[in-house]
Amino acid sequence: MDLLQSYKGTDMDDDEQGQESPDQNPNSTGSDHSSPDSSPLRISLPSKSAAPKVDDTMLALTVATDPKRNQSKPINPTQHVVNFNPTYDQLWAPIYGPAHPYAKDGLAQGMRNHKLGFVEDASIGSFVFDEQYNTFHKYGYAADPSQNQYIGNLDAFQQNDGISVYNIPQHEQKKRKLEKKKEKLDSEENGEDGEDGGNVDPTEVDNPASEAWLLKNRKSPWAGKKEGLQTELTEEQKKYAEEYAKKKGEERGGDRDKGEIVQDKSTFHGKEERDYQGRSWIAPPKDAKATNDHCYIPKRLVHTWSGHTKGVSAIRFFPKSGHLILSAGMDTKVKIWDVFNSGKCMRTYMGHSKAVRDIWFCNDGTKFLTAGYDKNIKYWDTETGQVISTFSTGKVPYVVRLNPDEDKQNVLLAGMSDKKIVQWDMNSGQITQEYDQHLGAVNTITFVDNNRRFVTSSDDKSLRVWEFGIPVVIKYISEPHMHSMPAISLHPNKNWLAAQSLDNQVLIYSTRERFQLNKKKRFAGHIVAGYACQVNFSPDGRFVMSGDGEGKMWFWDWKSCKVFRTLKCHEGVCIGCEWHPLEQSKVATCGWDGLIKY
């Protein structure tokens, strides 16, 4: 009841505020509330809303702001609701402020007009800007592009007719040229007559910081930059300059026999150079013939030649007969060894100052080429050990080859470290051709197609096929999956190339027109990554062999591509391998342990 009374009290107060007299209000429970006839007591409660409380300040603000401002400001990309109609320009405006949530670098795809993001159009071109900038610095006035008027020193503007630094009138230019000429003549006369001594302080003439000195020593627009011209070199400087020139000459490795530092010499180690019949020690034995056509995989070590003090980088059998083997050492020496009889070193050729990279016999074996890291290519006489000629371009030759045609035995091809393949005519000593298309140092050169073409591989992970004598690539093979191929050899039937790929496999390419990769034949299992291990075939073409980075020798069957045998040959890398041309089951290998094994 008390509660009801209190409600009634509040109601009454409210009513009294709203009305003049209680009688006018039919609902009012006035003084007659005690009468029994009156209507039952009514309680009016304050109204309550069940809707959730909403913060409408943002709405009020957006309504309050004028729509024009909305149209000019950019849209916030993180906002999910846009409560006005944006214009096209707004939708495509560059994003300011927080990054876009769904783009890597905070720019939505549609915003890009440059690979680094969004670039706004400049209202002034770079040339125009430079022109105004330089004009302002020279004359003191410049055009203001926003208001279409000039700012700065307007007196100078009127005086110069508003020219900029880039549009000097023709007559002005001529006038300047004449002035310059006159100045030059004056200075020369002054120098001859010695007048400058009369009217200029002689101390000033000797002081490089003064105007007089500048006028006297003016040779070029930049003559003033030098702090005193030194004419005489001191003794110490002369000595240094000489040493430096000498050192530079040595580094160049002699441009065509120039700056040659190593004296070519050769030592014969055999008993006698000619036997009792007068035959030379390099003459092939008469009885050397192929015993049978079938090749067999070697099983045991027959002989080891040791004489190189460092690793051996390449070996080559004497052509056709194989009774001698030539080896290139990293100890700068090239040695030739007897294979059939004594098994001793027959001759040492010393003519390089750094490690020897590659060697190659001519067709009859009487001469051979060596390429060294001292940037020289030398052509030796096998028998006497004399250097017939030396070639150099000042770059390191990585591979040397002679054209296998009998009538082109004087043509030398060398793959260089500067991405070129250089062709010399050895009779004249002239460079006759340069094949310059590779993007990395050239690693191999292999003649194919009756020696009309040759294939080169390079550090740029591509193979290129060239027509001999024409420096245009006729076939370019480069696939994304290809690795560098530092060693390539030709199958005895001339139809296939085996390429040692640095992803630990040997790939086979056809030498027919299209030079396709033979996908069915690949030989793997060995680890050669990082080493230019030579790959080779048996003379009958039934086996493929290659060294590997762990000193093993791998043999695969050509038809089935299965590993036939592995032999542990060397400590360290087994870099080179050659199958004997006549003895069917003998193989020579060389490694970085300095040994050659047979």
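A residue is called partly exposed when its relative accessible area falls between the buried range, under 20%, and the exposed range, over 50%. E550 has a relative accessible area of 39%, so E550 is partly exposed. Please keep in mind that this is a predicted model.

First, the overall picture. The protein has 598 residues, and 38% of them count as buried. Its secondary structure consists of eleven helices and 31 strands. The accessible surface is about 36800 Å², with 51% of that belonging to carbon and sulfur atoms.

Now the salt bridges. There are twelve in the structure. E550 pairs with K552, and their closest N and O atoms are 3.2 Å apart. K552 has 26% relative accessibility and is therefore partly exposed as well. Another bridge joins K420 and D418, at 3.9 Å between the closest N and O atoms. K420 is at 22% and D418 at 23%, so each counts as partly exposed.

Which residue meets E578 in a salt bridge? That is R316, with an N to O distance of 3.8 Å. This pair links distant parts of the chain: E578 sits in strand 29, R316 in strand 5, and they are 262 residues apart. Both E578 and R316 are buried. They also belong to a network of salt bridges that includes D358 and R401.

Last, the surface. I124, F127, V128, F129, Y133 and Y166 make a nonpolar patch of about 580 Å². One of them, Y133, lies in helix 5, which covers residues 126–139. Y133 has a relative accessible area of 44%, so Y133 is partly exposed.

Definitions and conventions
Residues numbered from 1 in each chain as written. Predicted model: local features only at pLDDT ≥ 70, side-chain atom pairs only at ≥ 80, totals over all residues. Heavy atoms only, no water. Patch = residues over 30% accessible without salt bridge, like charges linked within 9 Å, V, L, I, M, F, W, Y side chains within 5 Å. Areas by Shrake-Rupley, 256 points an atom, 1.4 Å probe, with all protein chains shown as cover. Salt bridge = Lys/Arg side-chain N within 4 Å of Asp/Glu carboxyl O. Helix = DSSP H or I, 4+ residues; strand = E, 2+ residues; numbered from the N terminus. Buried < 20%, exposed > 50% of the residue type's maximum accessible area, 1.4 Å probe, protein only.
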